[in-house]
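Trainee: Hi, could you walk me through this one? I'd like to go topic by topic.

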Amino acid sequence: MELKYSPRSIEQKWQDNWEASQVFKVREDKDKEKYYLLEMFPYPSGRIHMGHVRNYTIGDVVGRFLRMSGYNVLHPMGWDAFGMPAENAAIKAGTHPAKWTYSNIDYMRNQLKQLGFSYDWSREIATCDPSYYRWEQLFFLRMYERGLAYRKSSYVNWCPKCQTVLANEQVEGGACWRCDSVVEQKEMEQWFFKITDYVEELLDYTYKLPGWPERVLTMQQNWIGRSTGSRLLFPLESGKGNIPVFTTRADTLFGATFMSMAPEHPMVADLCRGTSQEAAVMDFVEKAKRSKRDEREAELLEKEGVFTGSYCINPVTGWKMPVYIANFVVMAYGTGAVMAVPAHDQRDFEFATKYGMPIKVVIKPAGAEKPPVAEELTEAFEDDGVLVNSDRYSDMGSAEARDAITESLAQKGLGEKTIQYRLRDWGISRQRYWGAPIPIVYCDKCGVVPVPEKDLPVVLPLDVELLENGGSPLPVYEPFFKTTCPKCGGAARRETDTMDTFVESSWYFARYTCPGFDQGPLDGEAVRYWLPVNQYIGGIEHAVLHLLYSRFFVKTLRDLGYLQEDEPFLNLLTQGRVIKDCFKMSKSKGNVVDPDQMIRAYGADTVRLFCLFAAPPEKDLDWSDQGVEGSFRFLSRMWRLVSENLDALTSVAPCSSGAGLSKDLAQLRRKAHQTIKKVTEDVRERFHFNTAIAAVMELVNQIYQVLEGRRDDPKLWPVMRESIEAVIALSSPMVPHIADELWHALGHRGLLLETPWPKWDESALKAEEILVVVQVNGKLRSRITVPADATDKELEAFALNDPRIREFIGDKPIRKVVAVPRKLVNIVM
RNA sequence: GCGAGAGUGGCGAAAAUGGCAGACGCACUGGACUUAGGAUCCAGCGGGGAAACUCUUGGGGGUUCAAAUCCCCCCUCUCGCACCA
């Protein structure tokens, strides 16, 4: 055995060994408790980065720990392989997205193997493979049958340069994330998934997922944005219809003095037609469209608006309310029109002040004598209170009045209670090439026709030429779009949009349970055995999108009969980012640390160890080259523990009982068992690998201390061996290569992954004597060694007898003594 | 603005249920071994003080025998959403 630790050869050796012996492979086993452990799969962008290394290391420790603890652990890996970067890279490099993607996958798979992760590679999935997305197309058809996938026209983000719709998350500050062109709002026919059908259940379960971080649940709740209120109708003065509004403050209706509408509101053209305002309104609408971008960049735009030339009627006061277009009203929320109550809404207040609109106070603060005077207001009073100037509702409380006013309008057909959500249906059409085709055909005679199930998959053609401008080649690639109608057999055109890549990642975790199944999307037996995912691990950046879409998809698949689960992920761990010198690693900052380079210099075990030790998983991790050195140093220390004492260690069996041990050997043994307990609990209950590692380090430190000048003691080595084996086994989930190597050096033949996790011996934990702190008036004054089982009375006596304490007390009277067995004594004077 | 989270040495961080603040590591200092050390080992390492002591967990109050931890007020930072009616 080499005296010096050199990771390179041993890591390769063990990786080969693990692969050859197929230890990472799992199958359903009814006799074992299953555990589905999953880390978010990567986009095959080329190389893994430190964020991946951290994410997957955390997962690997949990997986290996649970394997050793007796669970049947499913721990798969795959590739989120569709997406725009592949197209862009392919255009740039003159290659094909498929080629680019698969070669990246090969490279990255190898990188992951070099890190020693315990994935069952036989279950690997690439979402761009037709054997994967064909089932997604089937889901689409089933959803279409049930109206859960539908087509409608809507405004979308359109990048004129990239020739595609952009998802909301791909729009940064109103500009395209890649080319920085100003994004336009374009009205287009799009496919949608009806996530809003599940909005109540999605919201409900955010209160039933105790294993999720509060933060993520809150973000989802905010994103769903449920708010209860009233839908009210304001009749037009012209008599030609009503303007519907949504309000949470029906109690302020008597103070509504005008109406504000979004510039894109469909009624705008009608309202101004033929009035003197027509030109001004059209001008304003155009201007509003153009300023979309600035709106997002500037914090808050100054409130601006223009009169439409029309009026509507306040249904309770009968007032003529001028209808305005206002730049701050968003079409996407509510009805796109807002009843303006300047006295009680800050935005309306600013608008009214600017345009000289009447301000009428209708709420006074609860307990106030008199309502505020409108002319003296400097800002709106937005709290609930008591109604004034509101006819028969005056003196009523806000909450009660909301119901009463809505109810009375309801009787006239002008109002109803309603619930409004911020969540919109999920637009899944992408005018991109590198994605799963939407299985739909358009026929001039039959209209929208779904592709028959037997014709799936609709394969994405690979022999296309990419367009220089980045647009999808599918609409101009005849062999693909030209088809016949499945219904009438006439000429028809295929849908050339592809699905949002978030669709693939919404169900991949289910497919891992039966990746090769070809009788349907999911093998019921496998799915029932493995789902739900017990532990999901990934970055916080997916808090809403991916994690919400997946939750929706599982509920949909449940209702389609493919699954039985309500929720995909029981427990969620969102790990922090990897940063360096206070910044997120990025090429532009020049602070990127390359995993390959690190592995070459220090070995995978060191890189893994550092990722785990530097911070608890949910916090950001500050990369430190010196910290990496430190991790390497520790592994070297561990290595020498075995290599320098190999003969002595291999000539004894590990100690298995504390009988007849000298005091310091008993103490070392106690430390070893305390460490087993601490590491087990830190890993199992809290995922606090940093403190688990610290505990192992403490044990190593103590081993070195006991070793010092004691090598001849015949009683030493069995205890030594027991302690060192504990160090190796306990650290094996974190640093598996060195652990297996040392384990074998000690003469073991099996793999640690298949070795039961060490158990602590309760009797070894017990010490006869323990250290107890003595305080006087809450200040530490002395430490005394007492029998471990000393009662509080005995403790008190020991403390009062301590010379240092007696000196402190002198002959002053003692008021009280607090004694906590095994902890401390506090003498109050 | 709304919501959430976090403030502890020179640095990364520890401290379940209130009970020795700073475990473990990095950096630093001194020593040993050495031709040499950026290897290894030993020792020291929050501030003030020669010491006894004393101060110290963002700031200020409070509860308690005892507070990083619980309560109230304030400050700062990070993240998410953001003119959401």
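This is a predicted model: local features need pLDDT of at least 70, side-chain atom pairs count only at pLDDT 80 or more; totals for chains, interfaces and linings use all residues.

Trainee: Which residues come nearest to RNA strand B?

Mentor: T248, K303, R347, A614 and R783 do, out of 48 residues around RNA strand B, where a residue counts as near if one of its heavy atoms lies within 4 Å. Sugar and phosphate make up 66% of the atoms of RNA strand B that come within 4 Å of the protein.

Trainee: And what lies 2.7 Å from a phosphate oxygen of RNA strand B?

Mentor: A polar side-chain atom of R633. N701 has a polar side-chain atom 3.2 Å from a phosphate oxygen of RNA strand B, and R781 likewise places one at 3.2 Å from a phosphate oxygen.

Trainee: Which elements give two or more residues to that surface near RNA strand B?

Mentor: They are α7 (214–224), β11 (242–247), α20 (625–643), α23 (689–707), β31 (769–776), β32 (779–787), β33 (816–820) and β34 (824–828). Helices here are DSSP runs of H or I with at least four residues, strands are runs of E with at least two, and both are numbered from the N terminus. The largest share, six residues, comes from α23.

Trainee: Now the helices. At what angle do α20 and α23 pack?

Mentor: About 45 degrees, with their axes 11 Å apart. Axes are lines fitted to C-alpha atoms over the stretch in contact, and angles run from 0 to 180 degrees between N-to-C directions. α20 and α23 are therefore oblique to each other; under 35 degrees counts as roughly parallel, over 145 as roughly antiparallel, 65 to 115 as roughly perpendicular and the rest as oblique.

Trainee: Which residues make the contact?

Mentor: From α20, F634, R637, R640 and L641, and from α23, V696, M697, V700, N701, I703, Y704 and L707, with contact meaning heavy atoms within 4.5 Å. These residues divide into eight nonpolar, one polar and two charged.

Trainee: How does α19 pack against α23?

Mentor: α19 (residues 604–613) meets α23 at about 115 degrees, with the axes 7 Å apart, so α19 is roughly perpendicular to α23. L609, L612 and F613 of α19 touch F689, N690, I693, A694 and M697 of α23. That contact has seven nonpolar, one polar and no charged residues.

Trainee: New topic: where are the cis peptide bonds from L456 to P457 and from L531 to P532?

Mentor: P457 is in the loop between β22 (447–450) and α13 (478–481), and P532 is in the loop between α16 (524–530) and β26 (533–539). Both bonds have omega near 0 degrees.

Trainee: And what's phi for F687?

Mentor: Near 55 degrees, a positive value in a residue other than glycine. F687 sits in the loop between α22 and α23. Most residues other than glycine have a negative phi, and most peptide bonds are trans.

Terms used
Residues are numbered from 1 along each chain as its sequence is written. Chains are lettered from A and ligands numbered from 1 in the order in which they are written. Side-chain values use heavy atoms; hydrogens and water are left out. A polar contact is a pair of N or O atoms within 3.5 Å; within protein, one must be able to donate a hydrogen and the other to accept it, and residues adjacent in sequence count only if both atoms are side-chain atoms. Ala, Val, Leu, Ile, Met, Phe, Trp, Tyr, Cys and Pro count as nonpolar, Asp, Glu, Lys and Arg as charged, and the others, Gly among them, as polar.
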